[in-house]
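Reader: I would like to learn how to read the salt bridges of a model, beginning with the general idea and then turning to the case at hand.

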There are 2 protein chains.
Amino acid sequence: MKKYVFGVDIGGTTIKIGLFLTEGTLLEAWEIPTRTEDNGKHILDDIHYSVTKKMEQLGIMHNEIEGMGVGVPGPVIDDGTVLGCVNLGWSKFNVEEKMCQITGFRIKAGNDANIAALGEMWQGSGCGFKNLVMITLGTGVGGGIIIDEHIFSGRYGAAGEIGHLVMKDDETQSCGCGKKGCLEQYASATGLVRMAHKFLKDSEMKSSLRMRSVLDAKEILDAAKQGDELAVKILEEVGSILGKGLANISCILSPDIFIIGGGMAKAGVILLEVIQKYYREYAFPTVKDTPFRLTELENNAGIYGSVKLVLG
Amino acid sequence: MKKYVFGVDIGGTTIKIGLFLTEGTLLEAWEIPTRTEDNGKHILDDIHYSVTKKMEQLGIMHNEIEGMGVGVPGPVIDDGTVLGCVNLGWSKFNVEEKMCQITGFRIKAGNDANIAALGEMWQGSGCGFKNLVMITLGTGVGGGIIIDEHIFSGRYGAAGEIGHLVMKDDETQSCGCGKKGCLEQYASATGLVRMAHKFLKDSEMKSSLRMRSVLDAKEILDAAKQGDELAVKILEEVGSILGKGLANISCILSPDIFIIGGGMAKAGVILLEVIQKYYREYAFPTVKDTPFRLTELENNAGIYGSVKLVLG
């Protein structure tokens, strides 16, 4: 095994890059902007440029690099083919082959939610567990499934599309995927804000949230922490939908552990407790005590996981 | 590899036993009653007695037997421990060790729904697929999950408890598991009859089902086949709940194929079509075309699968 390995996590606005020792230590992590113009055709070259510059700075030679893991915000199938990444402007192509041509490195690619789950299993909250489900509560709701220490991505790379579990029959608005009542419509940061507007409109309750001209998920979660009754009600509603969704996942996969990540995980224990309360209410008796943890690697989960993909 | 192998599938009323060649051919299948008295303590001895008799009849020697696979109606963990089988009166014990002591054979045990799925993958409707989900619509609703050609039973053996996906928020009656709104309450044979009674009570529609003093699932499905409008409505309701449940499973696992088995599968194409219609309505776009098939091995799926467990 060579000395160094790169982990890359491509997001819609920034690309996170990490330089690791192959024994697993993160030496340095940095970010570059994601240039989505021209259908995202500069993205891979930008990564190559940034990585090459870092190697020059540190005096690292090409033959000291074991490889590069790349996480992308869209489905990836086993041969390294990206089926399309709307946020990047990418359509279908083999990102492993393309990136290998550009860099000369051995490349392994995976879906961002999946590699975050793999990263948590390797060096985060999922350490020591073989089967886990990670839920990423961000702008959307993502999911990563690890079975027997490996990413399980299923046919068409669609395994772990937890955000599109149908949770409600009476939803009138459509989800981005075209369906109605998807988990993501309630439990993402966007969904939480949507629910807050609904509660504020349908209720007469006093709330600190009424002072805000523009609401964001952090404000709602902060208000709930400070005991704002309406914010607590909103959080309970979202928590019950999430808890039920995860209980249903347990009926199917019965994972060793659930890990909650994404921007909303920053709310911490208050979020975890409400999810777990409803999870236990909806869970099949034998899996009621499945443990829940918050992400430990936070925004770095993706770069850790993409490195783990390369190391195998 | 020795010449013969036994497959056993223990049900609540009968035990199915099959003698196979280790190359995979079923030579003979027969049934014995399940004696559940005295907490089911005669069951393993009864199987041993029946198998020994068959070997004597056919002149098969003990050293010609590769092993015996045993399917049980309850959760089994990887080391062969049964966590309890309510229908048999069994509490927790290691069925592989016990059966090995009794027979002297190498024993592998698995949950009945899981081994049925494995059997279908090996020589039935799932032949050629590596990842599949089998749903067994019988007295209850069971599920078997095959990942990378192996049973996935998860922590506590609870993976595949598809019957306990929470599907409805407004259910007033409790499921056997203690929760409310479980898939099994609608989509099992028992659930179908329950739904029929509800529809008959809540509607004024004429129906051939009104003539029956006691309803069973077969009559309801037959009436639907013959175009009885109310029976069709009942089937549509049940199909929509099942279709949504399977669409949610696709969001998590994205299997290569769904296989429908159990007593209700005898209704055939009419059942398959209604499930698939609603599946497509609720499924995430990339998995709308996941194929559905009916069980090919029918009641023998379990003995095939338990043999496959032994053969590895």
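Reader: What counts as a salt bridge, and how many salt bridges does a search of the whole structure find?

Author: A salt bridge is a side-chain nitrogen of Lys or Arg within 4 Å of a carboxyl oxygen of Asp or Glu, and over all chains the search finds 28 of them. This is a predicted model, in which local features need pLDDT of at least 70 and side-chain atom pairs count only at pLDDT 80 or more, while totals for chains, interfaces and linings use all residues. Side-chain values use heavy atoms, with hydrogens and water left out, residues are numbered from 1 along each chain as its sequence is written, and chains are lettered from A in the order in which they are written.

Reader: Where do the partners Asp169(A) and Lys244(B) lie, and is Lys244(B) buried or exposed?

Author: Their side chains meet in a salt bridge at 2.4 Å, N to O, and the pair crosses between chains, from the loop between strand E10 (150-151) and helix H5 (184-187) of chain A to helix H8 (residues 229-253) of chain B. Helices (H or I, at least four residues) and strands (E, at least two) are DSSP runs, numbered from the N terminus. Buried means under 20% relative accessible area, exposed over 50%, and partly exposed in between, with a 1.4 Å probe and protein chains only; Lys244(B) is buried at 7%, whereas Asp169(A) is exposed at 52%.

Reader: Which residues are linked in a network of salt bridges?

Author: Arg35(A), Glu37(A) and Asp46(A) are linked in this way.
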